[in-house]
Amino acid sequence: IYFAIQNIAYFYAINAETLIIHPVKTVGPHSLSLFITGSAMTLLMTMRNQYVFHGNAVKIGSGCVVVTGASGAGKSTVAAAFLKAGYPLLSDDVCSIDASQTPPLLYPAYPSINLWQNSLDAFQTSNEGLSPVREDLDKYHLPIGDQFWDTPLPVTHVYTLEISDLV
């Protein structure tokens with residue numbers, strides 16, 4: 001399967017196991033990384049018959065809770081609040097679920113969370129030393145170290161956040 005992301009790269013996925021990437025010469029490393037870990041990995045997981053959601057997952061009890069929603073709905077901010085309360089993170093931005101298992105299992109992704117500057121401010125966290133998600137965004141990768149849960153867990157609940165003008 002071939003796909004392209006304008007001004008970023010051309011991607012070739014072979015047999016759900018190999019990903020060949022031809023970056024555009026002018027793409028920055030942060031932007032390229034974002035699309036590899038997002039769009040390209042989503043394609044590979046889908047080719048492996050996984051259900052892939054735009055969201056995050058935190059460990060609560062012996063399972064995990066998945067929070068989905070549109071970009072800007074506050075998914076990562078909610079996950080950061082769970083982290084602050086002591087709940088480990090399994091995934092941020094992309095959740096891969098194997099529904100052939102009973103119960104369905106969520107596979108962990110990367111030991112970091114992507115937060116906008118206003119969320120970092122709300123959690124009193126500096127962006128000093130953090131890598132930007134993209135060169136042109138005020139959003140950063142925040143490593144979570146030992147707060148990352150690296151073992152698949154059963155999905156116990158799925159919630160969807162909606163953007164609203166109501167308070």
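**Exercise 1.** Determine how many salt bridges a search of the whole structure finds, and state which residues form the pairing with D136.

*Solution.* A search of the whole structure, which is a predicted model, returns one salt bridge. The partners are D136 and R134, whose closest N and O atoms lie 3.6 Å apart, and this pair qualifies because the cut-off is 4 Å.

**Exercise 2.** Describe the geometry of helix α1 (residues 29–47), and identify where it bends.

*Solution.* Begin with the span: the 19 residues of α1 reach 26 Å from first C-alpha to last, which is close to the 27 Å expected at 1.5 Å a residue. Next, locate the bend, which amounts to about 35 degrees and falls at M41. Finally, α1 is followed by N49, which has a positive phi near 65 degrees.

**Exercise 3.** Decide whether S31 is buried or exposed, and work out which side chains make polar contacts with the side chain of S31.

*Solution.* S31 sits in helix α1, and it counts as buried because its relative accessibility is 6%, where the limit is under 20%. Setting aside residues up to four places away in sequence, S31 touches I8, V133, R134 and E135. Two of these contacts involve polar side-chain pairs: S31 with R134 at 3.3 Å, and S31 with E135 at 2.6 Å.

Conventions. Residues numbered from 1 in each chain as written. Predicted model: local features only at pLDDT ≥ 70, side-chain atom pairs only at ≥ 80, totals over all residues. Heavy atoms only, no water. Salt bridge = Lys/Arg side-chain N within 4 Å of Asp/Glu carboxyl O. Helix = DSSP H or I, 4+ residues; strand = E, 2+ residues; numbered from the N terminus. Expected span 1.5 Å × (residues − 1). Bend = angle between axes of the 7 residues up to and from the residue. Buried < 20%, exposed > 50% of the residue type's maximum accessible area, 1.4 Å probe, protein only. Contact = heavy atoms within 4.5 Å. Polar contact = N/O pair within 3.5 Å; in protein donor to acceptor, adjacent residues only side chain to side chain.
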